[in-house]
Amino acid sequence: MTWLSGLLPDPMEPRSGVRNVPEVTGPGCIFCAIADGEAEASAVHTDERVVAFMDIRPVVRGHLLVVPRRHAIGLADLDPDDGAHMFRVAQRMAAAIRRSDLHCEGINLFLADGQAAGQTIFHVHLHVLPRHPGDGFRVQLDPRFPSRSELDATARRVRETLA
Ligand SMILES: [Zn+2]
């Protein structure tokens, strides 16, 4: 959809700053516009904290997004209560999809935090993806097999920065 193209990051454009992402907020943010009722969306659920609506570029049928009303770019600036509610609503969406007549034999939840993680709309959102064999959705995993000492060392590096 062309109306989203202005929000997509340009991989060739050099960026600076800590977050390394475009700071699109307020009237320039499509998800804020949807939450405010100023842009069209196929809503499934709305409440005081989040809106849930169909992704306009679904990778599977039934692919929807749960979006906090309050603008946050990613996990770092997301209000934890908004995040908890976003997950709670995603659980309800998953249950509703499973009860519906959409083809659904499993569910993936997916959140992209940052450009390197595949985030393209810089208003945090949780994808709810109904899954079935042969649906074409694929996450390519190439697991490593580190030693226990490497796992312990990695755990220590994260533990040291726990706030
Ligand atoms: Zn926004």
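What follows is a short tour, from the overall picture to the details.

This is a predicted model, with a mean pLDDT of 87 and 83% of its residues at 70 or more. The protein has four helices and five strands, and from the N terminus on they run α-α-β-β-β-α-β-β-α.

**Overall picture**

- Of the 163 residues of the protein, 19% count as buried.
- Take the contacts with a separation of 6 or more: 58% of them are between residues 24 or more positions apart.
- Be careful with residues 1-23, where pLDDT stays under 50. The model has 17 contacts beyond four places in sequence for that stretch.

- The five strands make an open sheet in the order 1-2-3-5-4, and the pairing is antiparallel.
- Strand 1 (43-46) and strand 4 (106-110) sit at the edges; each has a single partner strand, so one side of each has no neighbour in the sheet.
- From one strand to the next, the twist averages 15°.
- Strand 4 pairs with strand 5 (residues 126-131) in the antiparallel sense, over five bridges. Look for Asn 108, which stands opposite Leu 129 in strand 5.
- Helix 3 (residues 80-99) packs on this sheet and touches strand 1, strand 2 (50-54), strand 3 (64-68), strand 4 and strand 5. The direction of helix 3 makes about 20° with that of strand 5.

**The nonpolar core**

- The largest nonpolar core has 23 residues, and the ones touching the most other members are Ala 52, Val 66, Met 93 and Val 128.
- Helix 2 (30-35), strand 2, strand 3, helix 3 and strand 5 are the elements that each give two or more residues to this core.
- Helix 3 gives the largest share, at five residues.

**Helix 4**

- Does helix 4 lie buried or in the open? Of its twelve residues, the number buried is zero, so helix 4 lies largely in the open.
- The length of helix 4 (residues 148-159) checks out too: at 1.5 Å a residue, its twelve residues should span 16 Å, and its end C-alpha atoms are 16 Å apart, which agrees.

Note on methods. Residues numbered from 1 in each chain as written. Predicted model: local features only at pLDDT ≥ 70, side-chain atom pairs only at ≥ 80, totals over all residues. Expected span 1.5 Å × (residues − 1). Buried ≥ 20, exposed ≤ 12 C-beta atoms within 10 Å, placed from the backbone. pLDDT = per-residue confidence, 0-100. Contact = placed C-beta atoms within 7 Å. Pairing = 2+ DSSP bridges. Axes fitted to C-alpha atoms, helices over the stretch in contact; angles between N-to-C directions. Core = buried A, V, L, I, M, F, W, Y, C linked by C-beta atoms within 7 Å.
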